[in-house]
Amino acid sequence: MPLVLPMLDEMVLALPPLAPGTTVCDLACGTGNAAFTVLEAYPAVHLVLLDADADLLAIAADKIGSYTADFETLQAVVSADGEPLPNGPYDVVVASLALHAIIGHDIDRAEAETRYELLFRSIREALEPGGHLIVGDHVGTLDLYRQLKAMERAGFQEVDCAWRQDDFFVAGGRVTE
């Protein structure tokens, strides 16, 4: 997937300025590529690597551990049920190629839209007031416009798409309350 590296760079460019100690959760972090990219730009943030797969968490921890000791790993299953992400609150949540995997692929558009809204509520509930969600993904089960609308219905403000190329995009929003 040749657009993943530019997508990760665009995710970092879409972030607000991150002060030292800002808590950033890499949701469904996989091997930690998004967290690593954030860390390169903001080396003084506190990272939380969140994934259901212990093997992927170990790979991510090795990658991040070579750069900083200010991180934690959290093995947990995240589902689109509206429950807040575990161990919040966070200042920022980043998700790279993660949300479509949590939502699932073999569902109809109406179900996908409901699941995205519930997942965005889960993320919103885990964010501090003023916190941000930055998503880098590709259009899968639900088109980008409907994902942005689901983000708005979940309570995010200033929802916008910062970058798009082919089916890949970077989008996000902010919690004001």
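**Residue Q157**

Q157 is partly exposed, with a relative accessible area of 37%; partly exposed lies between buried (under 20% relative accessible area) and exposed (over 50%), using a 1.4 Å probe and protein chains only. The model is predicted: local features need pLDDT of at least 70, side-chain atom pairs count only at pLDDT 80 or more, and totals for chains, interfaces and linings use all residues. Residues are numbered from 1 along each chain as its sequence is written, and side-chain values use heavy atoms, with hydrogens and water left out.

- Q157 belongs to strand β6, which covers residues 157-165; strands are DSSP runs of E with at least two residues, helices are runs of H or I with at least four, and both are numbered from the N terminus.
- Leaving aside residues up to four places away in sequence, Q157 touches G173, R174 and T176, where contact means heavy atoms within 4.5 Å.
- Q157 and E177 are 20 residues apart along the chain, and their C-alpha atoms are separated by 9.7 Å.

**Helix α1**

- In helix α1 (residues 4-14), the buried residues are V4, M7, L8, M11 and V12.
- These buried residues line one face of α1, because they fall within an arc of 140 degrees when seen down the helix axis; the arc is that of the directions from the helix axis to the C-beta atoms.
- An α-helix has 3.6 residues a turn, so residues three or four places apart point the same way.
- Exposed residues L5 and L13 are carried on the face of α1 turned away from its buried side.
- The cover over the buried residues of α1 includes α2 (33-41), β4 (90-96), β5 (127-138), β6 and β7 (168-174).

**Overall fold**

- The protein chain has 6 helices and 7 strands, in the sequence order α-β-α-β-α-β-β-α-α-β-α-β-β.
- For 177 residues, a compact globule would have a radius of gyration near 16 Å, and the 15 Å of the protein chain agrees; this radius is taken over C-alpha atoms, and the globule rule is 2.2 Å times the number of residues to the power 0.38.
- Along the principal axes, the C-alpha atoms fill a box of roughly 40 × 35 × 30 Å.
- Buried residues account for 50% of the 177 residues.
- Of the contacts between residues at least 6 apart in sequence, 69% join residues at least 24 apart.
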